Amino acid sequence: MHHASMISKDLVEASSRPLVLSILEEGENYGYSIIQRVKELSDDRLNWTDGMLYPVLHRLEREGLVTSEWQTPEKGRRRKYYRLNDSGRTALKSEQEQWLQVHNTLNKLWNPRLSLT
């Protein structure tokens with residue numbers, strides 16, 4: 001396994017909100033599966049725990065951006081599924097704009113040639 005540099009705790013926390021909103025935009029999902037999706041998307045650089053994910057989900061739910069319901073699949077155990085609602089989609093657009101601004105600003109410093117275009 002390649003040793004990826006681990007992402008700092010502050011950055012992991014800051015990015016948890018847009019990541020969860022973006023993953024839920026793909027479709028409804030449950031806790032363990034969200035953690036796996038983050039791991040896969042980040043090439044193992046982001047290893048979330050339950051203790052990190054659930055507070056984010058609960059906060060998004062309190063803010064009215066995400067709704068949840070218990071479902072029991074034919075085979076398997078009962079799980080709480082989370083889904084994005086319209087307010088959540090609006091919040092995601094705002095998150096995207098903010099992150100892109102930060103990203104573009106850093107990019108100008110890190111790739112000076114790119115900013116000439």
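Me: Good to have this one on screen. Which helix does Arg37 lie in?

Reply: Arg37 lies in helix H2. Keep in mind that this is a predicted model. Arg37 also touches Ile23 and Glu26, leaving aside residues up to four places away in sequence.

Me: What makes Arg37 and Glu40 a salt bridge?

Reply: The closest N and O atoms of Arg37 and Glu40 are 2.8 Å apart. A salt bridge needs a side-chain nitrogen of Lys or Arg within 4 Å of a carboxyl oxygen of Asp or Glu, so Arg37 and Glu40 form one. Both residues lie in helix H2, three residues apart, which is about one turn of the helix.

Me: Why is Glu40 called exposed?

Reply: The relative accessibility of Glu40 is 53%. Exposed means over 50%, so Glu40 counts as exposed.

Me: How many salt bridges does the structure hold?

Reply: The structure holds eight salt bridges. One of them joins the side chains of Glu63 and Arg17, at 2.9 Å from N to O. This pair links distant parts of the chain, with Glu63 in the loop between H3 and E2 and Arg17 in helix H1 (residues 9–25), 46 residues apart.

Me: And which residues are linked in a network of salt bridges?

Reply: Arg17, Glu63 and Glu95 are linked in that network.

Me: Is Glu63 exposed, partly exposed or buried, and how do you know?

Reply: Glu63 has a relative accessible area of 40%. Buried means under 20% and exposed over 50%, with partly exposed in between, so Glu63 is partly exposed.

Me: What about Arg83 and Glu28: what makes the meeting of their side chains a salt bridge?

Reply: From N to O, the side chains of Arg83 and Glu28 are 2.5 Å apart. The limit is 4 Å, so the two meet in a salt bridge. Arg83 lies in strand E3 and Glu28 in the loop between H1 and E1, so this pair ties together parts that are 55 residues apart in sequence. Arg83 counts as partly exposed, at 34% relative accessibility. Glu28 is partly exposed too, with a relative accessible area of 34%.

Me: Let's turn to the sheet. What is the order of the three strands?

Reply: The order is E1-E3-E2, in an open sheet with antiparallel pairing. Strands E1 (29–30) and E2 (66–71) stand at the edges, each with a single partner strand, so one side of each is left without a neighbour in the sheet.

Me: How do you know that E1 and E3 pair?

Reply: Two bridges join E1 and strand E3 (residues 79–84) in the antiparallel sense. Pairing takes at least two bridges, so E1 and E3 count as a pair. In these bridges, Asn29 has Tyr82 as its partner in E3, and Tyr30 has Tyr81.

Me: How many bridges join E2 to E3?

Reply: There are six bridges between E2 and E3, which run antiparallel. Among the bridge partners, Val66 has Leu84 in E3.

Me: What sets Asp43 apart in its phi?

Reply: Asp43 has a positive phi of about 55° although it is not a glycine. Most residues other than glycine have a negative phi. Asp43 is found in the loop between helix H2 (31–41) and H3. At 48% relative accessibility Asp43 is not over the 50% cut-off for exposed, so it counts as partly exposed.

Me: And what is the phi of Asp44?

Reply: The phi of Asp44 is near 70°, a positive value in a residue other than glycine. Asp44 is found in the loop between H2 and H3. Its relative accessibility of 26% is between 20% and 50%, so Asp44 counts as partly exposed.

Me: Last one: which residues form the nonpolar patch on the surface?

Reply: Val102, Leu106, Leu109 and Trp110 form the patch, with about 450 Å² of accessible area together. Leu109 has its place in helix H4 (residues 86–110). With a relative accessible area of 64%, over the 50% cut-off, Leu109 is exposed.

Technical notes: Residues numbered from 1 in each chain as written. Predicted model: local features only at pLDDT ≥ 70, side-chain atom pairs only at ≥ 80, totals over all residues. Heavy atoms only, no water. Helix = DSSP H or I, 4+ residues; strand = E, 2+ residues; numbered from the N terminus. Patch = residues over 30% accessible without salt bridge, like charges linked within 9 Å, V, L, I, M, F, W, Y side chains within 5 Å. Areas by Shrake-Rupley, 256 points an atom, 1.4 Å probe, with all protein chains shown as cover. Buried < 20%, exposed > 50% of the residue type's maximum accessible area, 1.4 Å probe, protein only. Contact = heavy atoms within 4.5 Å.
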